[in-house]
Number of protein chains: 2
Amino acid sequence: MPVRLDTRAADFKDRFAALLGAKREAAADVEAAVRAIIEDVRSRGDAALIELSRKFDGVDLDRLGLRVTADEIAAAVAACEPRRVEALRLARDRIDAYHRRQRPADDRFTDPLGVELGHRWTAVEAAGLYVPGGTAAYPSSVLMNAVPAKVAGVGRLVMVVPAPGGRLSPLVLAAADLAGVDEIYRVGGAQAVAALAYGTATIAPVDKIVGPGNAYVAAAKRIVFGKVGIDMIAGPSEVLIIADGTADPDWLAADLLAQAEHDTAAQSILITSDAALADAVERAVTAQLATLPRQEIAAASWRDHGAVILVRDLDEAVGLADTVAAEHLELAVADPEPLAARIRHAGAIFVGMTTPEAIGDYVAGSNHVLPTARSARFSSGLGVLDFMKRTSILRCGPAQLAALGPAAVTLAEAEGLDAHARSVALRLGAS
Amino acid sequence: MPVRLDTRAADFKDRFAALLGAKREAAADVEAAVRAIIEDVRSRGDAALIELSRKFDGVDLDRLGLRVTADEIAAAVAACEPRRVEALRLARDRIDAYHRRQRPADDRFTDPLGVELGHRWTAVEAAGLYVPGGTAAYPSSVLMNAVPAKVAGVGRLVMVVPAPGGRLSPLVLAAADLAGVDEIYRVGGAQAVAALAYGTATIAPVDKIVGPGNAYVAAAKRIVFGKVGIDMIAGPSEVLIIADGTADPDWLAADLLAQAEHDTAAQSILITSDAALADAVERAVTAQLATLPRQEIAAASWRDHGAVILVRDLDEAVGLADTVAAEHLELAVADPEPLAARIRHAGAIFVGMTTPEAIGDYVAGSNHVLPTARSARFSSGLGVLDFMKRTSILRCGPAQLAALGPAAVTLAEAEGLDAHARSVALRLGAS
């Protein structure tokens with residue numbers, strides 16, 4: 001059973017803090033192993049990739065080749081159920097439309113002194129997308145990572161995906177094809193991250209690496225950060241549902257389990273002002289678990305990390321939701337907009353009863369790569385800006401330099417940076 | 001002498017690659033020491049801060065107190081030369097005005113299906129600003145980090161700065177005061193980063209940590225990344241100047257030295273199509289070095305990392321500049337705008353002869369915290385967005401769920417996530 005908290009209880013504050021502070025994932029100490037793998041790929045390149053893939057994925061890349069060929073991709077697409085490819089195409093089009101609105105505007109202006117200022121956005125030239133292998137290979141995630149990169153204008157988008165036993169998911173390849181991925185390599189783990197960051201004879205290096213992965217992949221991304229850009233380090237995922245008595249317990253139970261089925265470390269929390277609803281949801285979760293294929297994972301997540309929190313009123317729920325800063329926040333209440341307007345920290349808000357989080361996972365158009373593990377306090381979901389960067393632009397004429405220069409000289413001298421002062425003063429003397 | 005390259009030479013490609021690939025900083029292996037410090041602060045809090053500050057900074061915080069008091073700040077401001085405080089105030093106002101234009105717009109729209117989509121930007125609640133101690137304590141950097149945070153709407157802005165021997169720079173305190181920093185603690189190093197990330201009895205934790213620091217600070221930021229957000233890891237700084245024959249060699253020499261005086265690992269590069277100018281600049285650098293207080297640092301940087309590259313024409317310079325992806329790019333040519341328009345990778349572009357980089361360091365208004373060590377390929381200078389995050393918003397009514405739901409169910413089933421499919425299907429059955 002999940003924990004049951006009540007804001008009216010004397011020990012609420014402590015128990016809520018314990019819930020938030022609980023470690024949901026064991027920190028695997030893979031740092032040394034990952035550093036060795038990265039060094040190996042840096043020094044031996046493709047040979048290291050082939051050897052490590054044989055060892056970790058049981059695949060002979062000498063025979064199959066590192067790069068997935070156009071023929072293989074075409075054959076994979078042909079092997080998919082057409083309605084699945086159609087659903088991916090709908091998702092692709094909607095993700096594309098949503099993200100086009102995120103493209104940032106350049107700015108160039110002249111201030112009252114006549115100084116010209118501004119900035120210009122440009123796309124990263126080459127980006128790498130890590131896709132996990134096996135059961136965690138989600139075609140929807142390929143779209144969510146690849147489409148924003150293409151909307152940003154990334155010229156070269158490279159996907160890496162391990163092929164355990166030589167197998168790749170046809171639907172993952174179909175998603176990559178639909179999203180416009182330019183190159184696909186069947187290599188995974190820390191070795192794939194190293195290849196993307198430093199390059200090998202076959203895989204040219206990229207400037208930014210995105211996409212989820214296991215502890216080895218996460219550690220490798222952390223290590224190569226600086227040499228290349230990375231996205232956030234994804235942690236265990238969570239949903240927080242705020243519900244009032246008008247919500248349907250079966251719907252809420254399904255939503256809580258949709259989060260729980262991802263991973264035993266996932267967290268599903270229900271906050272409600274209605275004790276009867278809380279009871280009904282708990283019963284519905286138990287009932288639905290019985291027929292869920294991923295029953296074991298979902299049950300463990302709900303038992304170990306699930307929580308039901310009773311609040312006096314929805315006002316109280318807002319403060320708790322901001323403290324949790326959940327990746328996904330569902331507002332299953334009769335009048336959700338005023339509540340939505342007051343939330344400060346959440347990766348995404350799903351407004352109203354007929355907006356289950358799962359619709360956002362696939363076809364709404366918004367991104368499902370969202371800040372996990374309370375990081376919505378300081379970070380955003382994946383978007384077009386993750387594949388662009390801003391160059392600032394400054395232009396002074398002689399008059400502007402004359403107006404601003406003396407203050408710059410004063411500050412440079414105060415900081416003991418005399419060449420800075422001189423580079424301004426020489427020009428002032430000349431004007 | 002700096003290296004002299006010529007794009008017409010047969011070995012140019014190799015020598016240019018060697019220049020870019022050269023390691024300018026020794027990688028200090030401080031990881032284990034930093035992990036121990038972080039664990040110490042997490043377990044012992046203030047006591048660890050006090051002990052570590054005694055050890056590393058030779059300061060007795062039991063006596064002085066961790067927090068810098070309002071009286072101390074007022075006394076520091078009063079002790080500064082008034083014209084320096086005035087220059088800081090001018091810089092503060094201009095940085096404020098420039099960054100206000102970066103505040104992002106929210107978006108909420110209804111798509112052709114009737115789905116409501118959008119996003120909302122909110123500020124990080126609490127941010128921490130690391131300021132180095134000793135000679136690297138730059139008041140201008142305090143403004144550049146603190147002002148964008150306040151423009152973003154950060155409610156609680158905390159500064160940490162080591163006080164070696166108990167001393168703090170009055171002008172650094174004045175800058176913090178002008179920028180609206182809310183709390184200042186005299187603690188530095190990895191221990192300060194740990195305190196900001198995890199909190200102690202005296203220092204409440206923050207959500208994001210920004211600001212430059214030494215190898216210990218950089219390693220600590222890398223380790224706490226995920227628990228809190230961090231800005232980029234700053235590497236050694238660089239300037240690239242593209243000049244034609246109309247440029248003044250003395251001005252260019254001063255600009256190259258302004259970069260070189262920062263650090264022996266700094267890099268100054270001149271690209272020009274005019275061999276006579278190149279010779280004149282080299283002579284001017286030598287002459288100016290003779291009277292530069294930071295002569296030793298600047299001479300070592302210029303000798304070990306400086307470069308003069310002769311190109312056939314300015315077209316060639318654009319490609320080289322994009323490959324360098326310099327933190328600072330000066331365009332000292334007669335007609336700079338067409339050149340500026342073609343550059344893709346640079347932290348900031350300084351357009352024309354009368355825009356020395358140093359004016360951007362202090363009073364132009366744009367930010368001087370810029371991507372170093374080629375990271376302008378994938379990252380941007382510090383700005384308002386670094387202190388904000390985006391929450392996506394989604395709302396479907398029954399009709400929209402009916403339109404999109406079947407595709408979501410198809411994809412959820414394809415991914416083996418049956419609770420996801422159920423959370424949509426239950427609602428479809430009801431509508």
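What follows goes strand by strand, then turns to the neighbouring helices and a few loop residues.

Analyst: This is a predicted model, so local features need pLDDT of at least 70 and side-chain atom pairs count only at pLDDT 80 or more, while totals for chains, interfaces and linings use all residues. Residues are numbered from 1 along each chain as its sequence is written, chains are lettered from A and ligands numbered from 1 in the order in which they are written, and side-chain values use heavy atoms, with hydrogens and water left out.

Strands (E, at least two residues) and helices (H or I, at least four) are DSSP runs, numbered from the N terminus, and two strands pair if DSSP finds at least two bridges between them. (Angles run from 0 to 180 degrees between N-to-C directions, and axes are lines fitted to C-alpha atoms, for helices over the stretch in contact.)

Next, a pair within that sheet. β12 (residues 328–332) and β13 (residues 348–351) of chain A run parallel and share four bridges. Within this pair, A:Leu331 sits opposite A:Val351 of β13(A). Touching, or contact, means heavy atoms within 4.5 Å.

A:Leu256 belongs to α11. A:Leu256 is buried, with a relative accessible area of 1%. Buried means under 20% relative accessible area and exposed over 50%, with partly exposed in between (1.4 Å probe, protein chains only).

B:Asp107 and B:Phe109 lie on its covered face, and B:Arg108 and B:Thr110 on its uncovered one. β2(B) runs antiparallel to β3 (residues 116–123) of chain B, joined by four bridges. In this pairing B:Phe109 faces B:Leu117 of β3(B). The two strands form a hairpin with five residues between them, and B:Gly114 in the turn has a positive phi of about 100°.

There is another open sheet of nine strands, again with mixed pairing, ordered β2(A)-β3(A)-β14(A)-β13(B)-β12(B)-β9(B)-β10(B)-β11(B)-β1(B). At its edges stand β2 (107–110) of chain A and β1 (3–6) of chain B, each with a single partner strand. Its neighbouring strands are turned by 15° on average, direction ignored. Helix α13 (residues 295–305) of chain B packs on this sheet, touching β10 (267–272) and β11 (307–310) of chain B, and its direction makes about 55° with that of β10(B). In chain A, β3 (residues 116–123) and β14 (residues 388–395) run antiparallel, joined by eight bridges. A:Trp121 has A:Arg390 of β14(A) as its bridge partner.

Most residues other than glycine have a negative phi. A:Ala373, though, has a positive phi near 50°, and lies in the loop between α16 (357–362) and β14 of chain A. A:Ala373 is partly exposed, with a relative accessible area of 34%. In chain B, Arg374 (B:Arg374) also has a positive phi, about 70°, although it is not a glycine. B:Arg374 lies in the loop between α16 (357–362) and β14 (388–395) of chain B, and is partly exposed at 25% relative accessible area.
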